[in-house]
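Here is my note on the model, point by point. Please keep the structure open while you read.

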Amino acid sequence: VQLQASGGGLVQAGGSLILSCAASGGTFDTYDMGWFRQTPGKEREFVACIRWNGGRIYYADSVKGRFTLSRDKAKKSVYLQVNNLKPEDSAVYYCALDTPPLTILSARRFASGFDYWGQGTQVTVSS
């Protein structure tokens, strides 16, 4: 499985971006996908995840109301709309995929639970 993340960039505080992650390869059709972010010297932090079949979504409390996760099944892609960005949102954002889906979606908040990762896309928010 290959994951290609894109959409990062430099934006002023209060601005918005749309991060994309396209999946290719693999033969399974039931899985969970997630977004994490990481800053230098810190552990990878959970942002949001989605159950591919059914579309259930789980967000980290820190991004609820500002970030929106969606998917396009035909394109095998997930999108993270990030609004009202703050300087503390600056990080490298990674998308991830794992199968089979977990019974409890909130258990996907641990990076160690994902086997497949994209290369990351940098988001920098200036104040």
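Which residue takes a positive phi in the hairpin of β5 and β6? Keep that question in mind for point 1. One caution comes before the points: this is a predicted model.

1. **The hairpin of β5 and β6.** The residue is Gly-54, with a positive phi near 110 degrees. Five residues lie between the two strands of this hairpin. Strand β6 covers residues 57–59. Three bridges join β5 to β6, and the two strands run antiparallel.

2. Strand β4 spans residues 32–38 and pairs with β5 in the antiparallel sense. Six bridges hold this pairing on the list. Arg-37 has Glu-45 as its bridge partner in β5. Six residues sit between the strands of this hairpin. Gly-41 is in the hairpin too, with a positive phi near 85 degrees.

3. **How covered is β5?** Strand β5 runs over residues 45–51. Six of its seven residues are buried, so the strand is mostly covered. Phe-46 lies in strand β5. At 8% relative accessibility, Phe-46 counts as buried, because the cut-off for buried is under 20%.

4. **The open sheet.** Next, trace the sheet of four strands. It is open, and its order is β1-β3-β8-β7. The pairing is antiparallel. The edge strands are β1 (2–6) and β7 (67–72), and each pairs on one side only. Neighbouring strands of this sheet are turned by 15 degrees against each other on average, direction ignored.

5. **β7 and β8 up close.** Strand β8 takes in residues 77–82. Six bridges join β7 to β8, and the two run antiparallel.

6. Where do you find Lys-76? Lys-76 is in the loop between β7 and β8. Its phi is near 50 degrees, a positive value in a residue other than glycine. Lys-76 is partly exposed, with a relative accessible area of 41%. Asn-84 is in the loop between β8 and β9. Asn-84 is not a glycine either, yet its phi is positive, at about 50 degrees. Asn-84 counts as partly exposed, at 42% relative accessibility.

7. **A cis peptide bond.** Find the bond that joins Thr-99 and Pro-100. This peptide bond is cis, with omega about 0 degrees. Pro-100 belongs to the loop between β9 (91–98) and β10 (116–117).

8. **A stacked ring pair.** How many aromatic pairs are there? The count comes to seven. One of them is Tyr-31 with Trp-52, a stacked pair. The centres are 5.2 Å apart, with 20 degrees between the planes. The pair links distant parts of the chain, 21 residues apart. Tyr-31 is in the loop between β3 (17–24) and β4. Trp-52 is in the loop between β5 and β6. Tyr-31 counts as buried at 6% relative accessibility. Trp-52 counts as buried at 4%.

9. **An edge-to-face pair.** Compare Phe-36 and Phe-46. Their ring centres lie 5.6 Å apart and their planes stand at 75 degrees, so the pair is edge-to-face. The reason is the cut-off: planes over 60 degrees apart count as edge-to-face. Phe-36 is in strand β4 and Phe-46 in strand β5, ten residues apart. Phe-36 is buried, with a relative accessible area of 0%.

10. **The ring cluster and its charges.** Which residues do ring pairs link into a cluster? They are Phe-36, Phe-46, Tyr-58, Tyr-94, Phe-114 and Trp-117. Two arginines sit over rings named here. Arg-44 lies over the face of Trp-117, 4.7 Å from the ring centre. The charged end of Arg-108 sits over the ring of Phe-114, at 4.9 Å from its centre.

Terms used. Residues are numbered from 1 along each chain as its sequence is written. This is a predicted model: local features need pLDDT of at least 70, side-chain atom pairs count only at pLDDT 80 or more; totals for chains, interfaces and linings use all residues. Side-chain values use heavy atoms; hydrogens and water are left out. Two strands pair if DSSP finds at least two bridges between them. Axes are lines fitted to C-alpha atoms, for helices over the stretch in contact, and angles run from 0 to 180 degrees between N-to-C directions. Buried means under 20% relative accessible area, exposed over 50%, partly exposed in between (1.4 Å probe, protein chains only). Rings of Phe, Tyr and Trp (its six-membered ring) pair if their centres lie within 6.5 Å; planes under 30 degrees apart count as stacked, over 60 as edge-to-face and the rest as tilted. A charge sits over a ring if NZ of Lys or CZ of Arg is within 6 Å of the ring centre and within 35 degrees of the ring normal.
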